[in-house]
Amino acid sequence: MISQSQYVDITSGVGGQAQAGAREHILRVFTASSYMPSNTVLEFSSSGAVGEYFGYNSREYALAQVYFGFVSVQQQSPSKISFCADISSGKAPFLRATAAPTSLANFKTVKDGAFTLSLGGLTSEVTGLDFSAVTAYSDVAAAVQGALRGAQSANAMWQNITFEFDAESGGFVLTGGEAQAGAIVALSAGKSGTDISSMLGLNEASNPVVSQGVSATSYGQMLTESLNISNNYGTFAFLTQPDNEGISEIAAWTQGQNLLGGMYLQPIAKSDYSVVQPLVKDYSGTALIADAFTPYSYAWLVPACVAATTNFNRVNGTQNYMYKQMPGVEPSVTTDAEYEALSAVRVNFYGSTQQAGTPIAFFQPGKLQGEVEDMGVYMNELWLKDAAAVEFLNYQLSVPKWPANASGRATGDGLLQGVIETAKNNGSISQGKELTNTQKAYITSLTGDADAWRSVYSEGNYLHSQIVPVTANGNTVYEYQYTLVYSKGDSVRKVTGTHTLI
């Protein structure tokens, strides 16, 4: 028989599938932990996973327990947390075993151990390692460390090498002698002798953690590199507190990202707020939190948890960051004087009041430095920008082309309209909110449409778009350009009433 495909040939496939996913508003923690490799973002879905990686006695695990233990008023808990290396002071290159080494009995049979290491641009073969008398893995480590330091005695990266057995993780760790830029690769076999690279769990086949050395890096560069690796986060903080100059640099970077860098969480001592706040008062996206600084105080984690548990696909899913509670957090403000002083300059705190003699503590006032005051409004706009970007990117990836004509403009408007409707449903966009005369005039000036403010009031938003050719460096690109003006979803923070008895 002649194949039917000679006459009818039909190809099947699935189209319109989303390739770009929305970013999650999880917490990113910058840590100087020796377990954290450089140029990497690690994500974990439970506190147990964090403890398994960083150790159950680590600050990372203690923080993760509080973070994942948070339950929002909508009965949601954070789904993930991410970590990135704090390289503000540099980081030495290292190899960290992910598998247990061979048994001590096997090591004791080796009298001519050998391997090859490439570190900091130099390669040396280590030979003649005799483990016949070892009684512990620390003995193995001491022998290897001595041999490594002697291999390139004139080089600081080699001369100060440490080789240790980490009893908590159960593996060997090789760390370069300087917190400087320097390449390192997994161990390989030597040219002679008994290869012990696999016995140490540090050869390529053993899949060790390989971290390249980096020199001291500015906070701005560090944050940019982290964002470029993965923008899957909403808030970020540092486990090692930056100095005031560093805080100012981070705040300036956050402002410069126009929300894409997330919300910066910076705990400060109450006694320092009058010094730190003036340094960052003009930088949007920076949250200062007056913390009690006790082992159990994690007031700064509250906004991170609220952001991570906000479901933007839920009706009325957006949240007010004030009035949120976290068990075990110690109040840092208990007097009206402190409340008024900190609130006046938008410094947040975990404050305590009382009702019928029962103490009630919660996070307040949920404010940011800079132009965008409200934490909720800031995070809502972060979500809205990302949602729009995902819609446009997925559309471009799934169609043959986006026509640069009236039909293409309608397509862009339609893509945006879906995001806008979701924003209305979740509360990011507010319909029927009263506008001041100044706001009405500003909307008219921005749009050139005298009735635009009416649309913002009644519908919650006003959208204007066009497709125009843009020429740069001799190249012409057609762009879908739009202006979206919307009424932000503000929250009620205080009740003032008058009771008149007749």
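How much space lies in the largest pocket? About 1,200 Å³. Start there.

Before you click, note that this is a predicted model, in which local features need pLDDT of at least 70 and side-chain atom pairs count only at pLDDT 80 or more, while totals for chains, interfaces and linings use all residues. Residues are numbered from 1 along each chain as its sequence is written, and side-chain values use heavy atoms, with hydrogens and water left out.

**Stop 1: the largest pocket**

Select Val 372, Glu 381, Leu 484, Tyr 486 and Lys 488. Of the 31 lining residues, these are the closest to the pocket centre. A pocket here is an open set of points on a 1 Å grid over the protein atoms alone, with protein on both sides within 12 Å along at least five of seven lines; lining residues have an atom within 4 Å of a point. Grid points are joined across faces, edges and corners, and a volume is the space filled by probe spheres set on the points.

Now colour helices H7 (244–256), H11 (375–398), H12 (406–426) and H13 (437–447), plus strand E17 (475–486); each gives two or more residues to the lining. Helices (H or I, at least four residues) and strands (E, at least two) are DSSP runs, numbered from the N terminus. H11 supplies the largest share, 6 residues.

**Stop 2: the largest cavity**

A cavity is a set of grid points where a 1.4 Å probe fits but cannot get out. There is 1 cavity of 30 Å³ or more. The largest cavity holds about 70 Å³ of space.

Select its lining: Ser 38, Asn 39, Thr 40, Cys 84, Ala 85, Ile 87, Met 222, Glu 225, Ser 226 and Ile 229. Strand E3 (81–85) and helix H6 (219–229) each give two or more residues. The largest share, 4 residues, comes from H6.

**Stop 3: a sheet and its helix**

Move to the open sheet of 3 strands, ordered E6-E5-E9, with mixed pairing. Two strands pair if DSSP finds at least two bridges between them. Show E6 (122–129) and E9 (194–195): both stand at the edges with a single partner strand, so one side of each has no neighbour in the sheet.

Next, select E5 (113–119). It runs antiparallel to E6, joined by 6 bridges. Pick Gly 113 and find its bridge partner in E6, Leu 129.

Finish on helix H4 (137–151). H4 packs on the sheet and touches E5 and E6; contact means heavy atoms within 4.5 Å. The direction of H4 makes about 135° with that of E6. Axes are lines fitted to C-alpha atoms, for helices over the stretch in contact, and angles run from 0 to 180 degrees between N-to-C directions.
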